Amino acid sequence: MPLSRAAHQEPAVRLPLSFEFFPPKTPEGAVKLRAVRQQLYARRPEFCSVTYGAGGSTHEGTFGTVREILGEGVDAACHFSCIGATRTTVREQLKELKAMGVKRLVALRGDLPSGYGMGGEFHYASDLVGFIREETGRDFHIEVACYPEVHPQARSPEADLRAFAAKVSAGADAAITQYFFSPEAYFRFVEEARGLGLDTPIVPGIMPITSSTQLMRFSDACGAEIPRWIRLRLQGFGDDTASIKAFGLDVVTELCERLASGGAPAMHFYTMNQSVATLALLDRLGWEG
């Protein structure tokens, strides 16, 4: 049987929360996302972030969703990727975001659409962070990505850690991790970062488990490790969606409890534009609005 929290156990200490969305592709998706956001706003997030497609392919949708969130009275962080971009285009978009009232950015290298070369005037996220600071000073709170289980394109764990250090040195205020299911990987990464003198807050990214096939596909694409015991249990459930969701809720709840008790500064939830799984997780943790 999956592990579950004892009924008498005290709720984990409530941490600051943030939620991530992607720009909807259809009018129906936009309507649904508005309802999802309202449900999640009841949990008082510090901010909500909106992703940015490869090569800026969702630029209009990203900016439009960010504008809606700000209009709903919630702080919004706009993902901002730089591969394929020029200093001129980045400068123009920064002006647009500032005029919208955006105060937070998630600065990323990003990916190019399939079939494109490197292109652009920025090769690394640290280049983008440095440019944003040069252009705008402290106008934006800048979040960057980090990878407790090592970026899939990194030459080595040491090189990956140096890349993170370069983003911090360039002016990043905080970091959000790729999702993971091994708390030891997070704590080890934080310890190694602190060993380099980096005191930047490192916020764990949390992925609710609702679908075995979806999780496997995402994890294979982004390099997130699914521990063998979790993978085997998920495979053993076959198409039993209810069991997958119940098991996933137990696993991720325990992960969040371990992270909270171990000193994580906040938690960032990858909602996949859904509210049910994230709300169930917060309810299980005892983290009310």
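A charge counts as sitting over a ring if NZ of Lys or CZ of Arg is within 6 Å of the ring centre and within 35 degrees of the ring normal. I had that in mind when I opened this model, which is a predicted one.

**Entry 1: a charge and a ring.** I went looking for Arg 87 and found its charged end over the ring of Phe 122, 5.4 Å from the ring centre.

Entry 2: I started from strand E2, residues 47-50. Is E2 covered on one face or on both? Both faces are covered: Phe 47 and Ser 49 are buried on one side, Cys 48 and Val 50 on the other. Then I checked the neighbours. Strand E1 (residues 17-21) runs parallel to E2, with four bridges between them, and I noted Glu 20 as bridge partner of Ser 49. To get from E1 to E2 the chain passes through helix H1 (residues 27-41), and I have this β-α-β crossover down as right-handed. E2 also pairs with E3, again in the parallel sense, over three bridges.

**Entry 3: helix H4.** Next I looked up H4, residues 125-136. Its 12 residues reach 16 Å from first C-alpha to last, close to the 16 Å expected. How many of its residues are buried? I get nine of the 12, so I wrote the helix down as mostly covered. Among the buried ones are Leu 128, Val 129, Phe 131 and Ile 132, and Arg 133 is on the list too. What covers them includes strands E3 (76-81), E4 (104-108) and E5 (141-146), along with helices H3 (87-100) and H5 (157-170). Just past H4, I noted a positive phi of about 60° at Gly 137.

**Entry 4: aromatic rings.** I find 10 aromatic pairs in the structure. One that I followed up is Tyr 179 with Tyr 270, which is edge-to-face at 6.5 Å centre to centre and 65° between the planes. The two are 91 residues apart: Tyr 179 is in the loop between strand E6 (174-177) and helix H6 (183-195), Tyr 270 in strand E9 (residues 267-270). Both Tyr 179 and Tyr 270 are buried. Why is the pair of Phe 180 and Tyr 186 stacked? The planes of Phe 180 and Tyr 186 are at 5°, with the centres 5.8 Å apart, so the pair is stacked; the cut-off for that is under 30 degrees. Phe 180 and Tyr 186 are both buried.

Methods:
Residues numbered from 1 in each chain as written. Predicted model: local features only at pLDDT ≥ 70, side-chain atom pairs only at ≥ 80, totals over all residues. Heavy atoms only, no water. Phe/Tyr/Trp six-rings, centres within 6.5 Å; stacked < 30°, edge-to-face > 60°. Buried < 20%, exposed > 50% of the residue type's maximum accessible area, 1.4 Å probe, protein only. Expected span 1.5 Å × (residues − 1). Contact = heavy atoms within 4.5 Å. Pairing = 2+ DSSP bridges. Right-handed = clockwise from strand over helix to strand, strands pointing away.
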